[in-house]
Amino acid sequence: MPASLVAHPLVSAPALTVIDFRCTARRGEAPVPEVFATASLAYVSAGSFGCRTRGAVHELVPGAVLIGRAGDEYTCTHDHVAGGDRCLAFHFAPALADELGLARAVEGAGAAPPLPELMVVGELAGAAARGESNLGLDELALVFAQRFVALASGRSRRAEPASPRDRARAVEVGHWIDAHAHEPIDLATAAARAGLGEFHFLRVFARVLGVTPHQYLVRARLRRAARLLAEADRPITEVAFDAGFGDFSNFVRTFRRAADVSPRSFRRASRGDRKILQDRLARAL
C-alpha cells in the first residue's frame, strides 16, 4: 500500500469488509500498481483521481465508483487535482460476491460514473460510517452492491414472498436480538444464527419484519435504554453502555433523534416533569 494511502477498517467480517481509504497523494506523485484481492466497489466521497486498469484509463470524481475484479491490477494517479481523495470501499468474499451476482457484474468495466441510484446509498453509507445514521454499514454495503448489480444488468430483481421457514427464522432471530441487544451483534452473526447467507438473511429479515437487522438492533437498544432511564437512577453513561451502545455520544444522538429529547430530559419526564412532554408535543403540531 502506498505511504500516502491510509486505511481505516470499519467492518471486518469473513464475507465482507468495509474500509475508509484516505489518500493524500500530491499531483504528479509516482503511482504504485496494486492488485484487487477480491471483488470490490469503492465509492468516491471526496476528491478525485485517475485509475488505469484492464487497459483503460478512468477519471473518478465524487459519486463515481471504482470497480474491482479479483486478481486485476490497477494504478491510481493524481495528475489533475491536488489534495488526494477519500473512498468508502466494500470488499466481498467470493461466496458472497457470487450470491450477490457481483462476480459477473464487475466483468464489464473498471469504473462507474456518478449515478443517482448509487450515490444516495453511498452517502447513506458515509453517514453510517460517521455515526450519523442508525442504518448498518454492513447492510448498506449489500444494498449498494445489489443496486450496482441491478444497474449493470439493466434490471431489478423482483422480490419473492418469504417462505414459512424463512418467516420463522426472521422472528426467531428478532427475539434473539432482543435478548442479546446489549452485546455486539453484526449482520454476519445474526445471519449465522438464522443459518442463512448474509445477503439472503438481510432480504428475508427486512421483508418479514419491515426493518433491517441493524435497525431492529438499534431499536431494541433504545427500548432497553428508555426502560433503564425510567426505572433507575443509574448514571446515564452506564445506561448507555448497559443498553448496548458502545459510544456515549452516539447513544445521545440516537436517543435524541428517536425521542426528540435528550436522555436526561427523558428521565426527568419519566419522573413527572410534564413540561418536557408538553413542549415536545407543541413542536410536533
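User: What lies 3.1 Å from a polar atom of the side chain of Ser262?
Analyst: The backbone nitrogen of Ser265 lies at that distance from the Ser262 side chain. The model is predicted: local features need pLDDT of at least 70, side-chain atom pairs count only at pLDDT 80 or more, and totals for chains, interfaces and linings use all residues. Side-chain values use heavy atoms, without hydrogens and water, and residues are numbered from 1 along each chain as its sequence is written.

User: Where is Ser262 located?
Analyst: Ser262 sits in the loop between helix H10 (248-259) and helix H11 (263-270); helices are DSSP runs of H or I with at least four residues, numbered from the N terminus.

User: Is Ser262 buried or exposed?
Analyst: Ser262 is buried, at a relative accessible area of 13%; buried means under 20% and exposed over 50%, with a 1.4 Å probe and protein chains only.

User: Which residues is Ser262 in contact with, leaving aside neighbours within four places in sequence?
Analyst: They are Phe255 and Arg256, where contact means heavy atoms within 4.5 Å.

User: Switching to the largest nonpolar core, how many residues are in it?
Analyst: That core holds 53 residues; a nonpolar core is a set of buried Ala, Val, Leu, Ile, Met, Phe, Trp, Tyr and Cys residues joined through side-chain atoms within 4.5 Å.

User: What does Phe92 touch?
Analyst: Beyond residues up to four places away in sequence, its partners include Leu41, Leu102 and Ala145.

Technical notes
Helix = DSSP H or I, 4+ residues; strand = E, 2+ residues; numbered from the N terminus. Polar contact = N/O pair within 3.5 Å; in protein donor to acceptor, adjacent residues only side chain to side chain.
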